[in-house]
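Here's a quick briefing on charged side chains that pair up. Have a look at the model first, then we'll go through the pairs.

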Amino acid sequence: MTQASTIPRTTLITGASSGLGAEMARQLADRGHPLALCARRTERLDELRAEIQAARPGHPVHVRALDVNDHDAVFETVRAFRDDFATEGLTLDRVVVNAGIGKGAPLGTGRFDANRETAMTNFVAALAQVEAAMEIFRAQGSGHLVVVSSVSAVRGMPKAMTTYAATKAAVAHLAEGLRAELHGSAIKFSVIYPGYIASEMNPTGPGTTPPPLLVSTERGVRAMVAAIEAERATAHVPGLPWEVLARVIKHAPMPLFRKLV
């Protein structure tokens, strides 16, 4: 297994204002990685930066507002973060394509608006993020692209999950296609397939019914960060049970699969 890198890597995270993105920022900062954080909710980004720098005074944390559905702004923001790091004598080493939403409805039930919004945010906007990152990585001849997919991507999912799962499969294929194209180069690609991790998409608390096998945000993200630092090509996280369950979901006969989902 590839060993986790101990070298600080400048890391850009989209959708970093809450949930998995915010916790990734905390844990990567704890490991010494300079950060570039973007999201729509800048007040939360400012709070997160203050929290990180209170624990690690002087730690580099750059923040910018970004709505990933503004595709021109995606390119402008990624380039601006590259320039921010350049003033510190650093390159942009890693981009984590994390921003996404979980809306959706069964196809053909009159909610094309929800499914379209999910498709635009989770795939088209992700494509813009990948394009912007790769523009920089190709120019500098190195980099690490991380795409946050989902265990739902391993097989087409029913009902309200259908469009969401399809978008998460699509973003995984972007990274996999690039890996095939640039195999052997200094540009690396990781696809992270989170299972059920507590977040705004998987809320907990009064009045909610959490999905089975849900783990805390801290534990789930710890597994994500370990896979990212190791530059694993693919990782279903946490490994137990999702490395096993992903295979079961992918290959289960349809009657069993319908019971599982």
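Which side chain does R26 meet in a salt bridge? The partner is E23, with an N to O distance of 3.1 Å. Keep in mind that this is a predicted model. Across the whole structure, a search turns up 12 salt bridges, and a few of them are picked out below.

**Within helix α1**
- R26 and E23 both sit in helix α1 (residues 19-30), and because they are three residues apart, about one helical turn separates them.
- E23 is buried, because its relative accessibility of 12% falls under the 20% cut-off.
- R26 has a relative accessible area of 27%, so it counts as partly exposed.

**Between helix α6 and a loop**
- R31 pairs with E229 in another salt bridge, and their closest N and O atoms lie 3.4 Å apart.
- This one ties together distant parts of the chain: E229 belongs to helix α6 (residues 217-229), R31 to the loop between α1 and β2 (35-39), and 198 residues separate them.
- E229 is buried at 8% relative accessible area, while R31 is partly exposed at 36%.

**Between helices α4 and α5**
- R138 and E181 form a salt bridge through their side chains, at 3.1 Å from N to O.
- Here too, distant parts of the chain are linked: R138 is in helix α4 (residues 112-140) and E181 is in helix α5 (residues 162-181), 43 residues apart.
- R138 counts as partly exposed, with 43% relative accessibility.

Notes. Residues are numbered from 1 along each chain as its sequence is written. This is a predicted model: local features need pLDDT of at least 70, side-chain atom pairs count only at pLDDT 80 or more; totals for chains, interfaces and linings use all residues. Side-chain values use heavy atoms; hydrogens and water are left out. A salt bridge is a side-chain nitrogen of Lys or Arg within 4 Å of a carboxyl oxygen of Asp or Glu. Helices (H or I, at least four residues) and strands (E, at least two) are DSSP runs, numbered from the N terminus. Buried means under 20% relative accessible area, exposed over 50%, partly exposed in between (1.4 Å probe, protein chains only).
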